[in-house]
Amino acid sequence: MLIERALNIALVGNPNTGKTTIFNGLTGLRQKIANYPGITVERKSGAAKIGHYKHLIIDLPGTYSLNSKKLDERVTYETLTGEFEHEETPDLVLIIVDSSNLDRNLYLVTQVMDLGIPTMIILNMQDVAVGKGIYINPDEMEEKLGVPVLSISAKNKRGIDEIKRAIENQQFSIPSPLKWQPIEPLKKAIELVIDKWIRPYTDLPEKAYIIEALKLISNTVSPVSIEFEGIEHNEIRRSVVSKAHSIIEQSGGNPVAIEVMNRYDFINECTSKSVARSSTDKKTLTDRIDSITTHKILGPISFVLILLLMFQSIFTWATPFMDMIDLLFINTGNWLAANLPPGLLTDLLVEGVIAGLGGVIIFLPQIIVLFFFISILEGSGYMARAAFVMDGFMSRIGLHGRSVVPLISGFACAIPGIMATRNIENWRDRIITIMVLPFMACSARLPVYALLIAAFIPPTTVIGFLDLQGLTFFGLYFFGIIMAVLSALVMNKFLIKGKQSPFLMELPDYKMPKWSAVFHNVFDRGRIFVTEAGRIIIAISIILWFLASFPKTDIPESQPLSDNANIASSFSPQINPDAYQLKHSFAGKFGSFIEPAIEPLGFDWKIGIGLITSFAAREVMVGTLNTIYSIEGEHGEVATLKQKLINDVDTDTGKPVYSIATALSLMVFFALAMQCMSTIAIVRRETNSWKWPLIMLGYMTALAYICSFITYQTVRLL
Amino acid sequence: MSRLLSDKHNPGTCLIQSVTGDLAPRLLEMGITPGSTIEIIRTAPLGFPVEIKIRGYSLSLREEEARCIELES
């Protein structure tokens with residue numbers, strides 16, 4: 001009987017089964033990616049027009065099991081059973097199976113079949129299986145499993161067409177539960193738990209009965225995660241479960257292992273009939289590549305080489321585009337300012353909206369180049385090797401091997417780095433990686449470091465080709481890494497609760513990355529950044545514009561000339577109206593207001609203004625100082641600004657404002673403080689809450705304050 | 001005589017005798033079941049994780065996971 005309507009179709013499967021390729025193939029670019037409400041798991045869905053209907057395809061997170069405590073795997077389970085709020089239960093489940101890795105994939109198949117949802121099994125990656133000497137007879141397998149089995153290779157379009165045709169012909173059926181033939185005591189135990197506990201006392205959907213019963217039976221250690229009200233109910237549950245346990249134990253079984261072993265026995269039986277294996281003893285390509293990439297010495301070396309290539313590419317490919325974008329937005333702004341009637345609206349448009357938009361777009365080249373590489377590394381299977389090689393180091397500071405690439409990406413820019421942490425499965429590892437990542441000295445810090453080092457650190461030769469300037473540069477980078485490591489250690493030990501979940505990382509066979517998948521991923525990440533983080537960034541830049549532009553100050557007709565030429569000329573309203581306005585704006589007032597607080601760090605109110613405006617982005621500091629020190633028309637001209645900074649004299653004491661202590665303190669502050677609204681915006685997006693970005697802002701600023709204080713006070717004493 | 005996977009580092013094939021401990025359910029589900037054959041491939045630079053082959057696929061385990069797996073010798 002055919003169902004005559006559009007269907008909700010869920011894609012389920014182990015990680016690395018080509019599930020995403022099938023999803024992309026079915027939906028094309030008509031995809032929606034968002035976070036599931038309240039959690040950080042990404043929900044991908046899209047429409048597929050098949051026959052007369054536009055079906056909704058949902059790509060559920062890849063999972064090894066339905067019986068999991070891991071968040072993303074639980075989403076898959078709860079969506080299938082209809083326990084997940086806001087989600088409709090699927091009408092059809094497509095289980096994607098990696099044919100070259102049947103046993104473990106069929107394990108999930110037997111679990112999904114227990115749910116009794118209309119099912120179709122898709123044996124994907126046929127070509128890889130044949131290469132490994134695995135020949136599957138889909139008809140035999142179909143007979144054994146009792147649901148339609150379709151054998152394809154999603155790499156070519158024909159495979160996708162076959163899936164579409166199967167959906168159109170509705171080649172799916174409702175599997176009979178417990179198809180895996182549990183042995184008698186286990187079957188009895190399942191029935192007991194369902195009849196005496198789940199059915200009468202819980203409101204779980206009927207689909208979930210078998211899996212829930214098995215969860216209770218196999219879990220002998222920790223209490224079950226679902227909280228039930230009332231001690232009385234808990235008593236009943238405990239007595240039912242222990243009765244179930246004794247049924248199994250009396251027959252000599254182990255409640256923890258019996259279900260899994262039973263399922264694998266069934267799988268062995270199933271594959272022994274439907275699969276022919278020709279043994280290939282020759283070393284596979286994967287083995288040969290692995291003997292280099294995971295080698296004790298060559299492994300880390302090749303990892304460093306790949307990273308070098310990645311960074312070189314960012315400089316070669318992304319930097320010119322960033323300069324172009326920068327120029328484009330500056331010119332557009334200037335043009336608009338010149339051609340629109342002067343007034344508030346024009347100011348808002350030019351200095352708020354256009355500048356904010358530029359601040360968003362400027363990140364795109366780096367995001368695109370980095371995700372191009374990350375997608376290739378992930379798609380080829382190399383990323384798991386990098387994690388394998390680096391895990392020994394990373395686990396010592398409480399992080400995961402997979403944290404390495406995002407952290408190192410942070411040297412270019414924290415934003416793509418934070419977006420790349422999605423590949424870290426464990427939430428705790430992921431959040432710690434996100435929280436320490438902005439300590440990596442990103443490229444936006446470079447102009448500030450360059451300006452201050454050039455102005456205040458003498459180029460004294462230390463040893464050989466090393467001078468004090470170079471050493472300071474290196475020191476600042478190293479300082480960032482050390483602070484990241486220390487923060488990770490502290491968070492790991494004291495702050496962020498939760499056990500490290502098992503590492504258990506699959507090392508999939510190497511394969512050529514699919515270019516369409518790389519393109520999809522790069523496109524998705526760019527789009528997510530622009531649409532989701534972009535909104536926040538533009539909002540903040542409008543607020544910052546407001547703070548720097550209001551209240552509007554009337555420029556007085558004339559003002560008596562001051563004795564102190566330097567400061568007075570900078571801020572005299574006739575000579576430099578911009579600086580005059582800035583000084584009297586909210587930002588300027590705030591800079592003066594916080595002066596007592598930042599004085600122990602060696603900062604004056606001018607630096608205070610810079611600290612506020614550079615929240616837009618760190619390099620804005622240079623621009624703000626430019627404005628304050630009135631170097632009109634010479635944007636980014638470091639040499640001139642440098643001289644002004646050196647010559648700036650405190651009006652009260654007559655001493656230079658910038659001592660070496662102040663300069664060092666300011667550099668330390670920039671190394672540590674969270675002065676980047678775009679990072680805040682992307683952390684908000686990636687953690688799906690304001691909690692983490694605010695914690696980040698707070699603790700990084702506090703740390704920056706403390707370290708700058710120590711630096712200034714120590715250097716001053718020396 | 002039996003020993004734990006965490007003690008054995010030389011590449012080679014072994015039979016799994018038992019899987020115990022807190023992490024057992026997850027390891028079992030990944031196909032590391034008593035009676036199946038495990039091949040130790042290599043260890044990472046600092047000794048762990050260890051790469052194994054089980055049921056035709058490669059998996060890497062940290063020390064605490066390797067400690068849950070008892071091998072027949």
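Student: What makes helix H26 of chain A, residues 605–613, count as largely enclosed by the rest of the structure?

Tutor: Burial does: a residue is buried if 20 or more other C-beta atoms, placed from the backbone, lie within 10 Å of its own, exposed if 12 or fewer, and partly exposed in between. In this predicted model, local features need pLDDT of at least 70 and side-chain atom pairs count only at pLDDT 80 or more, while totals for chains, interfaces and linings use all residues. Residues are numbered from 1 along each chain as its sequence is written, and chains are lettered from A and ligands numbered from 1 in the order in which they are written. Trp605(A), Lys606(A), Gly608(A) and Thr613(A) are among the buried residues of H26(A). Nine of its nine residues are buried, so H26(A) is largely enclosed.

Student: And what makes it a helix?

Tutor: Helices (H or I, at least four residues) and strands (E, at least two) are DSSP runs, numbered from the N terminus. Chain A has 31 helices and twelve strands.

Student: Why is the arrangement of H1(A) and H21(A) called roughly perpendicular?

Tutor: Helix H1 (residues 19–27) and helix H21 (residues 515–549) of chain A pack at an angle of about 80 degrees, their axes 10 Å apart. Axes are lines fitted to C-alpha atoms, for helices over the stretch in contact, and angles run from 0 to 180 degrees between N-to-C directions. Angles under 35 degrees count as roughly parallel, over 145 as roughly antiparallel, 65 to 115 as roughly perpendicular and the rest as oblique. The angle therefore makes H1(A) roughly perpendicular to H21(A). Thr20(A), Thr21(A) and Asn24(A) of H1(A) make the contact with Ser516(A), Ala517(A) and His520(A) of H21(A).

Student: How do you know which residues Leu11(A) touches?

Tutor: Two residues are in contact if their C-beta atoms, placed from the backbone, lie within 7 Å. Not counting residues up to four places away in sequence, Leu11(A) touches several, including Phe23(A), Ile57(A) and Leu94(A).

Student: How many residues of chain B are in contact with chain A?

Tutor: There are 27, in contact with 29 residues of chain A. On the side of chain B that touches chain A, helix H1 (24–29) and strand S5 (57–61) of chain B are the elements giving two or more residues.

Student: What makes strand S12 of chain A and S5(B) a pair?

Tutor: Two strands pair if DSSP finds at least two bridges between them. S12(A), residues 505–507, and S5(B) have three bridges, in the antiparallel sense. Leu507(A) stands opposite Ser58(B) there.
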